[in-house]
Amino acid sequence: MSPQLRKHIYSKDALQVLLIALPGLVAILLFKYVPLAGNMIAFKNYNLFQGVWQSDWVGLDHFRRMFAFEDFGKIFWNSVRLGLYSILFGFPAPLILALLLNEMRLAWFKRSVQTLLYLPHFLSWVIVGGIFFNLLDVKGFVNKLLGGWGVAAIDFIGNPDTFIGTIIAIGIWKEVGWGMIIYLAALAGVNPNLYEAAMVDGASRLKQMLHISLPSIMPAIVVLLLLRIGNLLDANIEQMLIFLNPLVRDVGEVFDTYIYRVGLLGSQFSYTTAIGIFKSVIGLVLIMGVNTLSKRTTGESIY
Amino acid sequence: MKKKLGMLALTTVFATVTVLADCGKTDEGKEGGSATAPTNHKIHVLLSHAEAAYAKQAKDDDPYIKELSKLSGYNLKFEFLGHADYSQQLSLRFASGELGDLIRTPEISSTIHTGAVDQGVFLDLKPLIDKYGPNLKKKIPETAWNSPRVSQNGKIYGIPVLSGVPADRVVFIRQDWLDKLKLSTPKTIDDYLNYFELVKKEDMNGNGDPNDEYGIGMFDGIAWTDIFSSAFGVTPGLYNIRNGQLTPDIIDPKMKDAITFYKKLYDSGYVNPNLFTRKEAEHNAAIAKGEIGSWEAAVYQYTAGYNAEGAKKTFVNQPTAAVSMNAAPKGADGKGGLGAQGDGIYFVWVIPSKTKNPEEIIKFLDWAWSDETADKFFAYGIKGQNYSEESGNVKYDMAASVNADKNAFQMYQLSLNVREIGFASPLVLKAMPDANMMIKGYDTAKANLIKHDGLYMPRLKSLEGKPEIAIGFGVGNLFTDMFAKVVTGAEPIDTAFDKFVADWKKRGGDEVIKEATEWYNSFNKK
């Protein structure tokens with residue numbers, strides 16, 4: 001070890017930084033890496049009372065059972081569809097909102113709108129569910145409004161055709177304000193000189209947005225999108241459990257709800273861990289794929 | 001920026017890889033009291049609040065818990081977990097080993113703790129009960145002890161908590177609506193249809209809108225609201241012998257008639273159209289708003305909001321609102337009923353093997369079952385607070401705020417009552433202003449009981465891990481999905497039902513029938 005490096009490491013500053021990072025690193029190690037070992041129960045017949053080590057090995061039995069399950073194809077397709085739709089509509093929503101809000105002139109107005117928009121994030125899904133069940137009921141407010149325009153009542157939550165759209169719309173309503181914050185932060189970091197220069201050159205507000213704001217936050221957008229795609233098969237379990245009902249199970253049953261019912265309520269821990277691993281592998285493949293793609297095309301990547 | 005987000009990205013990737021953490025190890029003796037002092041021995045009771053308003057908000061130092069500790073001489077701690085997600089929460093407790101000394105479970109072989117009996121997680125209580133629980137043996141009926149929910153291979157792993165009454169399921173009907181319509185109490189399916197039609201036509205709650213009332217109210221827990229299918233001779237969730245085989249009612253062709261009937265209710269606007277999405281809380285709110293003409297309920301709910309006093313508070317802006325308790329509707333051949341004939345067990349107490357001094361817990365339960373002060377506490381609450389006693393005569397006013405607020409009476413009659421549902425114990429009934437009404441209600445409920453051939457049947461192995469072929473109105477099973485689709489008109493009954501039966505059998509139903517039949521034959525041989 002060179003004297004400089006040694007000096008550097010033992011310097012007070014570096015030590016402080018390391019100490020500050022330590023709790024975070026320990027937490028990640030403890031809660032993210034150690035539990036990974038628990039995945040081995042997918043290859044065992046895990047019994048609550050025998051524990052991980054004493055349970056018997058069964059090889060790939062649980063994976064076989066998963067692929068042989070009659071509804072596997074349906075649940076897989078439902079998960080993919082829900083994931084794709086929520087990326088397609090859910091991902092751009094906070095971005096667009098952030099760009100629009102960024103154009104607001106009155107600071108106090110901008111701030112209050114921002115606060116109001118991310119307020120729903122703090123409501124629990126039980127409450128949000130209650131609100132929307134009432135609003136979207138066949139006899140609820142929305143249908144009364146539509147009825148006034150001569151539209152026949154729509155069972156938003158009980159009709160397989162409207163269920164996915166409704167779920168995604170509610171999800172956007174709840175989380176859009178929260179998701180917007182990261183973009184607003186990124187936008188705040190854009191050099192104001194760029195806007196001034198563009199203004200001098202006669203660029204309109206729209207042009208400024210398209211040619212300065214958007215490119216400036218592109219790295220943030222790409223990284224968030226890549227991460228989002230890695231979570232393609234993850235549904236919002238709390239939301240799904242509240243809205244899922246027998247009328248729409250054919251389109252609404254996803255991996256997470258199935259895991260919940262079979263694994264947690266039916267104590268089939270090994271089987272559902274196998275499903276969880278399957279999900280994670282798909283997510284990993286996706287994220288590596290799109291990351292490579294992104295690196296080649298836009299030059300942006302997460303690693 | 002890019003670099004920073006990259007770091008963030010990496011950590012988040014790892015966050016997406018979720019696994020069930022292993023927590024198989026147990027922390028022993030966490031709550032263990034000192035072994036030498038029998039008095040003030042600490043007992044940690046783990047149970048659900050069963051939606052009782054008072055227990056939901058009870059703290060550790062609740063006066064009722066303190067009183068029970070004082071009377072019994074034990075240091076009691078009651079931990080009330082949520083009711084709707086109790087199985088899930090308890091399952092996590094078993095996984096983490098953070099258990100109590102006395103735990104509520106539906107049955108010793110429940111899926112909540114699969115394998116617990118085989119792994120010796122629960123204590124074999126027989127020797128302890130023989131030695132320390134003479135009153136338990138005497139007071140709890142033999143049938144309850146013999147139930148597979150409590151004992152297995154001649155060993156007793158659980159202590160039954162009794163339902164208190166053989167049956168409590170009745171139909172609540174808005175008596176004031178019947179009176180207003182000049183109808184007598186509906187008895188047959190046709191009587192009910194007639195009532196529903198009038199409810200639909202008239203503005204029963206007088207709010208100016210004749211279209212916001214429904215003859216019957218239902219919610220997404222269909223099993224709790226289905227009052228009609230038994231009138232067609234079939235009940236989802238039950239098994240009966242057909243052609244020498246014990247088969248579930250859901251695949252009986254008569255089920256088609258029952259479903260068709262529900263479709264008629266739905267199409268005619270006799271039932272709230274959102275029955276498959278409505279939650280129980282909204283259902284109760286709709287009842288209070290005067291939108292519901294009849295609904296399935298338990299007799300004890302009558303005192304908790306629907307008797308003469310309670311109705312005034314429960315129903316909004318309907319001063320004349322009154323509720324009566326009635327028999328299940330009867331079908332063409334006089335069939336009909338509510339609630340399956342059961343083993344009389346409400347739930348089961350289990351004691352984990354790692355609990356220290358289990359004999360103290362048996363002694364405590366034995367005390368609860370036999371001591372006169374316990375009898376009084378589980379009926380009337382705290383002396384001087386909830387009731388008074390003058391020269392041996394108990395003065396107990398159920399409607400007094402100390403008993404009625406937050407349904408406080410449920411705390412000592414149900415939540416802390418370690419022996420049974422106490423709403424209808426002889427002492428309680430004696431002191432009730434509605435005594436006659438309640439006795440009549442319980443008689444009605446008893447007459448409502450549905451007889452079936454699957455009584456005492458333990459949980460079937462062939463149903464394990466396959467919620468989709470469950471045989472009742474459960475969440476996410478083939479039957480409920482088919483029922484919902486047919487009732488709402490998404491699929492026609494004939495094709496949907498036949499497809500369901502074929503699907504059900506193929507996915508493991510045949511094995512269910514085989515296993516059930518084998519059990520039936522061996523059970524009825526001895």
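A salt bridge here is a side-chain nitrogen of Lys or Arg within 4 Å of a carboxyl oxygen of Asp or Glu. With that in hand, and keeping in mind that this is a predicted model, select Asp250(A) and Lys485(B): they form a salt bridge, with their closest N and O atoms 2.5 Å apart. Across the interface of chain A and chain B, the rule finds three salt bridges. Polar contacts between the two chains come to nine residue pairs, both partners at pLDDT 80 or more.

Next, colour the side of chain A that touches chain B. Which elements give two or more residues to it? Highlight helix 2 (12–33), helix 8 (125–135), helix 13 (218–230), helix 15 (249–252), helix 16 (255–264) and helix 17 (269–297) of chain A. By residue type, that side splits into 24 nonpolar, 13 polar and 10 charged.

Now show both sides: 47 residues from chain A meet 47 residues from chain B. Between them they bury about 4,600 Å², and carbon and sulfur atoms give 62% of that. In chain A, pick Phe49(A), Pro246(A) and Leu247(A), which lose the most area to chain B, together 14% of what that side buries.

Last stop: centre on Val150(B), in the loop between helix 7 (142–146) and strand 4 (151–152) of chain B. Is Val150(B) buried or exposed? Buried, with a relative accessible area of 0%. Show what surrounds Val150(B): beyond its neighbours within four places in sequence, its contacts include Ile108(B), Trp145(B), Tyr157(B), Pro160(B), Ile345(B) and Val348(B). For a distance check, draw a line from Val150(B) to Leu265(B): 40 Å, C-alpha to C-alpha, and 115 residues apart in sequence.

How values were computed
Residues are numbered from 1 along each chain as its sequence is written. Chains are lettered from A and ligands numbered from 1 in the order in which they are written. This is a predicted model: local features need pLDDT of at least 70, side-chain atom pairs count only at pLDDT 80 or more; totals for chains, interfaces and linings use all residues. Side-chain values use heavy atoms; hydrogens and water are left out. Contact means heavy atoms within 4.5 Å. Buried area is the accessible area (1.4 Å probe) that two parts lose on being put together, summed over both. A polar contact is a pair of N or O atoms within 3.5 Å; within protein, one must be able to donate a hydrogen and the other to accept it, and residues adjacent in sequence count only if both atoms are side-chain atoms. Helices (H or I, at least four residues) and strands (E, at least two) are DSSP runs, numbered from the N terminus. Ala, Val, Leu, Ile, Met, Phe, Trp, Tyr, Cys and Pro count as nonpolar, Asp, Glu, Lys and Arg as charged, and the others, Gly among them, as polar. Buried means under 20% relative accessible area, exposed over 50%, partly exposed in between (1.4 Å probe, protein chains only).
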